[in-house]
Amino acid sequence: MWAAEAEPEIAWGERALRQSPFDSWSFAAFGSQALGHFLLERPDEAAKAAYRAVQSNPGHSINYVILIGPLVTLRRFDEAKAAAARVIELQPNFRISQQFGDVDCAPALATKLGAALQTAGLPE
């Protein structure tokens, strides 16, 4: 999901949810869809998928990281800052650069999502 290949990310998420809709890892499928829609400039769809990821696993900090991108794009800054606060609550040592480096994030996604994360107040 961090490869910045939007269409395959969305298709993978849809296929995963069709095959196993109640899987405990469904948050990853929703996250993949959210990032795909975010890259394709579909912030409403991205936010919906990201909120589904959060619902599926509210204890996973990266779901909130993914949610911040579309929220900032939609100018829902209070929600984005609340999501950023939850990231820090779940992962106190979170750093944007470390997260993107750890998952080998594609530069296009790192640039776009990183700007949103900074806007929401997460540390570089």
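Keep in mind that the model is predicted. Let's start with the core. The largest nonpolar core holds 32 residues. Four of them touch the most other members: Ile68, Leu113, Leu117 and Leu122. Which elements give two or more residues to this core? They are H2 (26-39), H3 (43-56), H4 (61-73), H5 (77-90), H6 (96-102) and H7 (107-119). H4 gives the most, with eight residues.

Now take Leu122. Setting aside neighbours within four places in sequence, Leu122 contacts Ile68, Ala84, Val87, Ile88, Phe94, Ile96 and Leu117. There is also a second, separate core, this one of six residues. Among them are Leu17, Phe27, Phe30 and Ala53.

Back to H4. After H4 comes Arg75, with a positive phi near 65 degrees.

Last, one helix pair. Two packed helices are described by the angle between their axes and the distance between the axes. For H2 and H7, the angle is about 90 degrees and the axes are 11 Å apart. That angle makes H2 roughly perpendicular to H7. On the H2 side, the contact uses Leu35, Phe38 and Leu39. On the H7 side, Leu109, Lys112 and Leu113 take part.

Key
Residues are numbered from 1 along each chain as its sequence is written. This is a predicted model: local features need pLDDT of at least 70, side-chain atom pairs count only at pLDDT 80 or more; totals for chains, interfaces and linings use all residues. Side-chain values use heavy atoms; hydrogens and water are left out. A nonpolar core is a set of buried Ala, Val, Leu, Ile, Met, Phe, Trp, Tyr and Cys residues joined through side-chain atoms within 4.5 Å. Buried means under 20% relative accessible area, exposed over 50%, partly exposed in between (1.4 Å probe, protein chains only). Helices (H or I, at least four residues) and strands (E, at least two) are DSSP runs, numbered from the N terminus. Contact means heavy atoms within 4.5 Å. Axes are lines fitted to C-alpha atoms, for helices over the stretch in contact, and angles run from 0 to 180 degrees between N-to-C directions. Angles under 35 degrees count as roughly parallel, over 145 as roughly antiparallel, 65 to 115 as roughly perpendicular and the rest as oblique.
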